[in-house]
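Hello,

Here is the structure I promised to pass on. Please have a look at it first, and my notes follow below.

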Amino acid sequence: MRRILAAAAVAVSAVAVIAGCSGTTSVAPTPVQSTDLTSSDGGFDQHAVIGVVLLPVDGSSSSGEALPDRFRTALTEAGFRPDVRVADTNDPAGSQRSAVHDLVRTGAKALLVAADDPASLTGELQTAHDAGVVVVGLGDQLPANGTGGDGVSADYRVATTGSDADLVHRAVAAVTSLQRGEKPDGD
């Protein structure tokens, strides 16, 4: 009887050790198809999730419609599924890091990023790039040094010259080109 109990205890311990080793891990996002096999440059489904990470909104707009709403509307009309995140005014850099992390983890195929503090996003943008997410900087150039991979934080850039409507139009045009696996026009 004692041997049976000892064998049972060993078996239960082994199962606990094996279960402890397996742990829970998150699924890595599927990288996008690259047309030149050197970088993340598009070729994703038309109805893909497109993440947009914006600066805190002050409520004003050049034509009455807020910038986040413009992005939601334009990306939806172009056939994409927008996931627009607006930075918190109390900690814009921190909330943008969290937004980028969440968007990559949940499978966004492209990110449009207007960074509050570009240097603070370097690690998260490098992770996005390494996962195959196409990163498009909105406005200021995003840093070109990262934590690994090829050191690229943004694949493309759309300058913020002109109106909100112009910015959204050019950003959506860039995503549409990327979706087709083409290099977008721009900066």
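Let me start at the end of a helix: α4 is followed by Gly 132, which has a positive phi, near 90 degrees. Helices here are DSSP runs of H or I with at least four residues, strands are runs of E with at least two, and both are numbered from the N terminus.

Before the rest, some ground rules. This is a predicted model, so local features need pLDDT of at least 70 and side-chain atom pairs count only at pLDDT 80 or more, while totals for chains, interfaces and linings use all residues. Residues are numbered from 1 along each chain as its sequence is written, and side-chain values use heavy atoms, with hydrogens and water left out.

Now back to α4 itself, which spans residues 122-130 and has Thr 122, Leu 125, Gln 126, Ala 128 and His 129 buried (under 20% relative accessible area; exposed is over 50% and partly exposed lies in between, with a 1.4 Å probe and protein chains only). These residues sit on the same side of α4 because they cover an arc of only 160 degrees around the axis, taken from the directions from the helix axis to the C-beta atoms. What do the buried residues of α4 pack against? Their partners are α3 (92-105), β3 (110-113) and β4 (134-138), where contact means heavy atoms within 4.5 Å.

Next, the charged pairs. I counted a salt bridge when a side-chain nitrogen of Lys or Arg is within 4 Å of a carboxyl oxygen of Asp or Glu, and that rule gives five salt bridges.

- Asp 69 pairs with Arg 72, with the closest N and O atoms 2.9 Å apart. The two are three residues apart in helix α2 (residues 67-77), so about one helical turn separates them. Asp 69 is partly exposed at 37% relative accessible area, and Arg 72 is partly exposed at 34%.
- Arg 85 and Asp 102 form a salt bridge through their side chains, at 3.7 Å from N to O. This pair links distant parts of the chain, 17 residues apart, with Arg 85 in strand β2 (residues 81-86) and Asp 102 in helix α3. Arg 85 is partly exposed at 23%, as is Asp 102 at 26%.
- Arg 180 meets Glu 182 in a salt bridge of 3.2 Å, N to O. Arg 180 is partly exposed at 47% relative accessibility, and Glu 182 is partly exposed at 38%.

Finally, Asp 83, Arg 85 and Asp 102 belong to one network, joined by salt bridges that share partners.

Best wishes
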